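Here is a short report for a reader new to this structure. Look over the sequence and the model first, then read on.

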Amino acid sequence: MLLILGAVLVSPFSGTAFELNGSIALEGQYFLEEPGFLNQEEHTASVAAKAEFYHSFSTGVSLVFKPFVRLDSNADERSHWDIREANFLYPIEGADLQVGIGKVFWGAAEFVHLVDIINQTDLVEGIDEEEKLGQPMLRLSLFQDWGLVDLFLLPWFRERNFPGEKDRLRTPFVIDTDQTLYESSSEEQHVDLALRYSSTFGDADIGLYQFIGTSREPTLIMNGQPDRPVLLPYYEQIRQTGLDLQMTAGSWLLKGEVLYRSGQGRNFAAAVAGFEYTFFSMYETSMDLGLIGEYVFDDRESRLALSSFNNDIMVGFRLALNDAAGTELLGGVIKDLELSTCIFSLEAGRRISERIKLNAEALLISAADEQDPAYWIEKDSYILLELVYFF
Amino acid sequence: MKLFTVLTAALFSAVVLQISAGRAETPEEKGLAIAVEAERRDQGFGDQVTDMVMILRNRNGQESKREITNKILEVKNDGDKNLSIFHTPHDVRGTAFLTFSHKSGDDDQWLYLPALKRVKRINSRNKSGSFMGSEFSYEDISSQEIEKYTYKYLRDEILDGRECTVVKYYPVDQENSGYSRQVVWRDKKEYRIWKVEYYDRKNSHLKTLTLADYQQYLGRYWRAKKLHMVNHQNGKSTDLLYKNYRFQTGLKERDFNKNRLQRAR
C-alpha cells in the first residue's frame, strides 16, 4: 500500500509541491556476554519506520512532518514512537520563522556532542546520543550581513527516555521516568530560551549561544525501597554558554566545542578539541581515508552524572571507498586517560541495491573502571546489523 | 564583475595595441583571450536551476544512478555559489553539497547531512577527489573561473565538422590539482566546449570529457544536456544528463546559506 502511495505521490525532483518518503529498518542486536543485571533480555530484534512528508505552498511557506516508531522484541522502553518534526516555515523579509516541532544540531566534534542542547536525546535509540526527540519550538532566524541570529522559544520540555528493566545498556538501578523531578514549579511547561549567533570568518565557521532553561541532562537521584531501589531523574534549571568551531587549515579540518554551565551543582566547563586529516584518492584509487583525533575534558562533579567522558582521548578513522555502493567505515577507540576504561566502536554501511542498505555496528567496552559510568554497561558489548529499505 | 570588465577591456586594448604595433599575439595571450571571451559571453545569467541524472558505469558496464538538483547563483566580483541536493541514492536523500567558489584561494565547501541535521565543513583542497563515486572530481564540477588556470593556445582544428580552437589549461594551484594540464576544444562561433582531455600529474592521459546536445537559453547562454566522462586508466565512465534548465528563477543569497540547507529541495 505504501509503495503504491509512494509511486503516486513521490516525485523525484525539485519544484514539486508534495513529497513523501521514508524508510523501514529491520535490526538485530547481538550481545556478546550474558546480561549483567536481573531481568535483562539477552538479544533483541526490532523494526523501525520513519516517514517524511513535505509540502511547499505557492506562498513560499513549507510544511514538514516526520513521525518515527520502533517496535522491539523486548517490549520494554525501546519500543517507542515520536514526532521528530512537524513544523511550518514562513520565510519573511530577511528572516525565517519556524513554528512547531523541530530539530536542531549544534556542534562539530565526531565522538561526543557537548554543546548540542535544543533537542532531548532519544537514549533508547543508542548511547552515542545522536538520535534526538522532537522539540516544540518557535524559532526566528535573522539573516544579517554579519551572520545569522537564531532566537528560540521552547515552550514544552521533553524528558529523556531511558532503557527499561528488560533493556540492555542501562544503569544498574532502573531510571523511573514516572517519578521525574523538576527544579522549576512549572515542571515540563517551563519556557526555555536560547539565542545563538553563527557566522563564517574566512576558513572558520563559528557559533556562540546562550541557553536558559531546563537541563537536558538530568541528575540521577537514588530512591525507592531498599529491596527495590530506583533512580529518579531530576531536571535543574541551568544557564549554559556554548561555543562551536570548525575550520579548514590546509589539508586539516580543526574542530572544537566548549561549554560552561551553571545551575547543576557547582559551575563547570567542558571542552572537546579535535582534527580530521584526510588522504584523498589513496594509492591512485578513489578511496579517501580520514584520520580523526579528539580530546574531551569535562569538569563536572561526577555524582551520578551520565557523561562518562571526563578526560578522554579518541582516535579514529573514516574510510570512504567512493564505489557505486557507497561503502563507508567509521571506527574509533575512546580511552580514558585516568581510568582503565577503553571503548571500541566500528560502523559500516553499504548499499546492496537501489533502495536497500546494510549497516553494521559494533561497540566493545573493555576494562571499564568501577568509578566510570561505562562500568554499568561493561557486559553490554554488542554487534548490530540493520537492513534498511527506503521508499 | 565591474572590476573584471575593466580588466578585460584593458587586456583587450593591450592585445589590440600589440597587434597594431606589429607584434604578434603570443599563444599564452591568445589562450587567455579565448577564455576571457567565453567568460564574457556567459555573464549575466543571474541564477540557474537544473535537474541532473548521473549515471556511473564500471568496467563491466554495470550502471548505477544518482539524481541531483543543481542550483547556481552568479556572484559579482567572485566565483559562483553552487548547491547540489541529492534525491537518490535513497539513503543519501536530502544530502546537500554547498560550494562558494573564489577566484583566488581555496573554495569554501560544506556538506549537509540530513540524518543528524549537521553541517560539516569540507576541506576544499580535495580537488582531485571523486565526486559521489563518479569519474568527475571536485575540480571538474566546481565553477570554472579564469583565474584558476594559465593558458596556451595550441592550434585550430575541425572537430565533428565544427571549427574549434584547441587551448591548454594549466592549473594555478598545481599542488592540489589532480591534473598537470587540460586540453580544451571550443568552437570558434559560439565558444562552446565540445571536448576536454585531462592529463594526470605524471602527464599521462587520464580522462576525456565530451559534451553534446547544446541548447541556447534566454537567447544567449549555451548549455549542454549531455556530458560523458571516460577514465582511460580505470575503464569507468560517468554520464551527466541535464534537464529542465531554468534561468533567473529569483534565487537569493539566503537560498545558499549553510544554515538553511534542511529546507533545500
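## A salt bridge between the chains

Glu19(A) and Arg265(B) join their side chains in a salt bridge, with 3.6 Å from N to O. The model is a predicted one. How many salt bridges does the rule find across the interface of chain B and chain A? It finds 11. Polar contacts between chain B and chain A come to 24 residue pairs, with both residues at pLDDT 80 or more.

## Extent of the interface

On the chain B side, 42 residues are in contact with chain A; on the chain A side, 58 residues are in contact with chain B. About 4,200 Å² is buried between the two chains. Carbon and sulfur atoms give 43% of that area.

Which residues of chain B lose the most area to chain A? They are Arg121(B), Arg263(B) and Arg265(B). Together they account for 19% of what the chain B side buries. Arg265(B) is also the partner of Glu19(A) in the salt bridge described above.

## Loops of chain B

Start with the loop between β3 (81-88) and β4 (96-100), where Pro89(B) lies. The peptide bond from Thr88(B) to Pro89(B) is cis, and its omega is near 0 degrees.

Next comes the loop between β7 (149-159) and β8 (162-171), the place of Asp160(B). Asp160(B) is not a glycine, yet its phi is positive, at about 50 degrees. Is Asp160(B) buried or exposed? Its relative accessible area is 68%, so Asp160(B) is exposed, because the cut-off for exposed is over 50%.

Asn203(B) sits in the loop between β10 (193-200) and β11 (205-217). Asn203(B) also has a positive phi without being a glycine, here about 70 degrees. Its relative accessibility is 45%, so Asn203(B) counts as partly exposed.

## Leu140 of chain A

Now turn to chain A. Leu140(A) belongs to strand β6, which spans residues 135-144. At 25% relative accessibility, Leu140(A) is partly exposed. Why does Leu140(A) not count as buried? The reason is the cut-off: buried means under 20%, and Leu140(A) has 25%.

Which residues does Leu140(A) touch, leaving out those up to four places away in sequence? The list is Ala95(A), Asp96(A), Leu97(A), Val149(A), Asp150(A) and Leu151(A). Leu195(A) is 55 residues from Leu140(A) along the chain. The C-alpha atoms of these two leucines are separated by 9.8 Å.

## A sheet in chain A

Chain A also has an open sheet of 3 strands, in the order β8-β12-β11. The pairing in this sheet is mixed. Which strands are at the edges? They are β8 (181-182) and β11 (219-225), and each pairs on one side only.

The pairing of β11(A) with β12(A) can be followed in detail. Strand β12 of chain A covers residues 228-235. β11(A) and β12(A) run in the antiparallel sense and pair over 7 bridges. Within this region, Leu220(A) stands opposite Pro233(A), a residue of β12(A).

Note on methods: Residues numbered from 1 in each chain as written. Chains lettered and ligands numbered in written order. Heavy atoms only, no water. Contact = heavy atoms within 4.5 Å. Buried area = accessible area lost by both parts, 1.4 Å probe. Salt bridge = Lys/Arg side-chain N within 4 Å of Asp/Glu carboxyl O. Polar contact = N/O pair within 3.5 Å; in protein donor to acceptor, adjacent residues only side chain to side chain. Helix = DSSP H or I, 4+ residues; strand = E, 2+ residues; numbered from the N terminus. Buried < 20%, exposed > 50% of the residue type's maximum accessible area, 1.4 Å probe, protein only. Pairing = 2+ DSSP bridges.
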